[in-house]
Amino acid sequence: MRLFESSKLSLFEFKASVLCSQVTPFGPFNSFVQKRWLKPVISAQTRLEDRTRDSKLDKLTTHLKKLDIILKLHDVMSSRKRGPFVSLQLMSRWRNLVGLNVGIGAFVHKYPHVFEVFKHPVRCSLCCRISKKMRGLIEEEAMAMKQWELEVVHRVKKLLMMSVSGTLRVHALRLVRREFGLPEDFRESILGKYSKDFRLIDLEVVELISRDENLGVAEIEKWREKEFKEKWLSEFEAKYAFPINFPTGYEIQAGFRDKLKNWQRLPYVKPYDRKEVVRIRTCGGIESYEKQAVGILHEFLSLTVEKMVEVERLSHFRRDFSVDVNVRELILKHPGIFYISTRRNSRTVFLREAYSKGCLIESNPIYNVRRKTLDLVFLGHRNTREMPAPKEIKEFKVDGDGKMDGDWVIPMLENLDNGS
């Protein structure tokens, strides 16, 4: 009996496995079978992959990353005490330090207007140094930062005014130092120098001492005033609107224009008016809260020198600005206001209204110098016939014991002469 039951059970399991393996077609006689059609998931990653690309801004991002590597190499080379030149063999150890994926020799030879490669007269090894033109542009940028110091102070004050608590971490400012035109020693030269405006708390947090209401006007208000006067728009249309510039080839779906029009009219709490509290559960609360975050991000990018910043660095300001949304998803939701580029293994967000054909529309002194430096990188191997031949090094750095860098060769030559 037990044997029969076991054989019967195994036969039942076999039939069940066969039925499970067969796909039952949907029809009138088996309508009890339910099929669930999965709805396509729309996330930040899918929006990132399906976005309309901007070739001009993508190309600009590629060259900016190359310039960033060149500036990192300059910083490492200038920090050495032996001299302004470094052997290529030593520079090959800095690949991971500066984030370079190719050989250091190939990268250096690719930009002859930036690097000078020559043969050391004593050691007979290939050495490299920054060209005179490149050094001049770096010094010119430092001078432009000094001349633009008051404007930089105003921009830092506006950042602190956007903060809910009126404080920012010094580490966060250090991450966006280059984007805001701050010098390397901004803790002493900016925050310490203007002690009437800033106060350092535990050396890691900067606090705004007093608000300047004259600075509490967002950059977008200038555009709204211009639209109100020139295009004769009503106050209802222009009071909370943003400039929309879609990239070439962007597909506008049915009903999108009406949604965009309603979004442009939607009121929100402006970046410098943070006293009101947005109730998310009310009608239009989520949309108003997201539009408030768009206004903060728009103002942040407007205060930068080149109207661009890496997305990862924005996360260091989320708590201070009380932005509790996914920043990357927020950027991808508004392709007419922002553009995110993923070239060179980084995500950089641009303010679309500030650029035209890959160039900044309203320039500033620091941007003008950086554009000259970028044009030098753009040259590559072009116009190299006009370049003079690199001069040999005749002066050597004197060490602490009074000997020059090449004095170790002289005793060897004297011993050879005595032996002969």
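**Basis of the entries.** I note that this is a predicted model, in which local features need pLDDT of at least 70 and side-chain atom pairs count only at pLDDT 80 or more, while totals for chains, interfaces and linings use all residues. Residues are numbered from 1 along each chain as its sequence is written, and side-chain values use heavy atoms, with hydrogens and water left out.

**Cysteines.** I then turned to disulfides. A disulfide is a covalent bond between the sulfur atoms of two cysteines. I counted a pair of cysteine sulfur atoms within 2.5 Å as a disulfide, and the count came to zero. Cys 127 is in no disulfide, and its nearest cysteine sulfur, that of Cys 128, is 8.7 Å away.

**Largest pocket.** I recorded a volume of about 1500 Å³ for the largest pocket. A pocket is an open set of points on a 1 Å grid over the protein atoms alone, where a 1.4 Å probe fits, with protein on both sides within 12 Å along at least five of seven lines; lining residues have an atom within 4 Å of a point. The volume is the space filled by probe spheres set on the points, which are joined across faces, edges and corners. Of the 46 lining residues, the closest to the centre are Asp 68, Leu 71, Asp 75, Arg 177 and Arg 178. Helix α3 gives the most to this lining, with 10 residues; helices are DSSP runs of H or I with at least four residues, and strands are runs of E with at least two, numbered from the N terminus. By class, I listed 17 nonpolar, nine polar and 20 charged residues.

**Second largest pocket.** I recorded a volume of about 1200 Å³ here. Among the 34 lining residues, Arg 47, Tyr 250, Phe 256, Lys 333 and Pro 335 are the closest to the centre. The largest share of this lining, four residues, comes from α13. I listed its classes as 20 nonpolar, six polar and eight charged residues; Ala, Val, Leu, Ile, Met, Phe, Trp, Tyr, Cys and Pro count as nonpolar, Asp, Glu, Lys and Arg as charged, and the others, Gly among them, as polar.
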